[in-house]
Amino acid sequence: MTGQNLNYSGGYSNHTLSQFSTRTIAREGAFLLPYLRDDMSILDCGCGPGSLSLDLAKRLQKTGNIIGMDIQAGQLAAAQEQAEQCGLDNVQFLQGSVFSLPFPEQYFDCVLAHAVLYHIPNPEKALQEISRVLKPEGIVALRDADMYADIIYPRNSTLDAAWNLIYQVFALNGANIAFGREQKGQLLAQGFSPLSLSASFDMFTSAQEVSDYARFWIDFMGSLHKNLILEHQLASENELNIFMQAFTDWAARPEAYCARARCEAVAVKA
Ligand SMILES: C[S@@+](CC[C@H](N)C(=O)[O-])C[C@H]1O[C@@H](n2cnc3c(N)ncnc32)[C@H](O)[C@@H]1O
């Protein structure tokens, strides 16, 4: 796939992308709402299938505009098609990396990076680049996982071992699964002044949500990162099968419950 970031842990399966496609500004982007203006020029950096970009475009009047950008081009054509179907002419999608944004200095009023910075190595470099393309007093909006704060119930020692394996895969791919709690420090270090810091949870509670959530991690271990896991001897094939079965068993339990922790920050370019 063109421009695919091979180290990005999440992958681009239809199942994963359809989960991202349900994201909305009212829910996942609620922390940004108090700072949105109709006339803003916004970059949605690492936009994925573009659900948040499209939702933002609907909220902006004709005077505002949004660019959805992602390093992986495969998702962008469908996002652009959706924009056209919805008659949105204030949004466009293009391929690019957060480490080298294809825009001049002081170009945007707002840069959103939803579930992106915790996935990438050197997030401080990404923040420097975001700062470069922001106008003076422009704002950056971040929402990142902090996986050590996730609530997953019920747990057992096999599931705990599976989670440890998952954490190791993220680390091998250069991700920082505790980036959420570091947002404030990272923003300060790059000269931003935080306006608001908050946290919320992505919820997986219905039988379907729990099953979809388990399937994501089963695919993560058993397919997407299987070779990496075996090459680095993080687990044997037999252990992988046991871990995948543990997720299947977890999802079959009526009390299975997951709340994924997300840290949120809005900060202004000083
Ligand atoms: C977890 S997804 C989030 C997608 C979208 N923001 C959302 O919340 O639905 C992370 C996205 O970041 C993108 N990404 C990873 N590294 C990137 C980079 N260096 N520059 C731009 N996007 C990147 C991935 O391709 C992926 O689409």
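Predicted model: local features only at pLDDT ≥ 70, side-chain atom pairs only at ≥ 80, totals over all residues.
Let me start with helix α4, residues 123–133, where Pro123, Ala126, Leu127, Glu129, Ile130, Ser131 and Val133 are buried, buried meaning under 20% relative accessible area with a 1.4 Å probe and protein chains only. Helices here are DSSP runs of H or I with at least four residues, strands are runs of E with at least two, and both are numbered from the N terminus.

Residues are numbered from 1 along each chain as its sequence is written, and side-chain values use heavy atoms, with hydrogens and water left out.

On confidence, pLDDT being the predictor's confidence in each residue from 0 to 100, the protein chain has a mean of 95, and 98% of its residues reach 70 or more. Over residues 1–5, however, pLDDT stays under 50, and the model has 13 contacts for them beyond four places in sequence, a contact being heavy atoms within 4.5 Å.

Back to α4: its buried residues pack against β4 (108–114), β5 (134–145), α6 (179–189), β7 (192–204) and β8 (257–269). With α6, the axes come within 11 Å and cross at roughly 50°, the axes being lines fitted to C-alpha atoms over the stretch in contact, with angles from 0 to 180 degrees between N-to-C directions. The two helices α4 and α6 are therefore oblique to each other, a word left for angles that are not under 35 degrees (roughly parallel), over 145 (roughly antiparallel) or 65 to 115 (roughly perpendicular). Pro123, Glu124 and Leu127 of α4 meet Phe179, Gln186 and Leu187 of α6, and by class this contact has four nonpolar, one polar and one charged residues.

Finally, Asn156 sits in the loop between β6 (151–153) and α5. Asn156 and Trp250 are 94 residues apart in sequence, yet 9.5 Å apart in space, C-alpha to C-alpha.

Notes
Buried < 20%, exposed > 50% of the residue type's maximum accessible area, 1.4 Å probe, protein only. Nonpolar A, V, L, I, M, F, W, Y, C, P; charged D, E, K, R; others polar.
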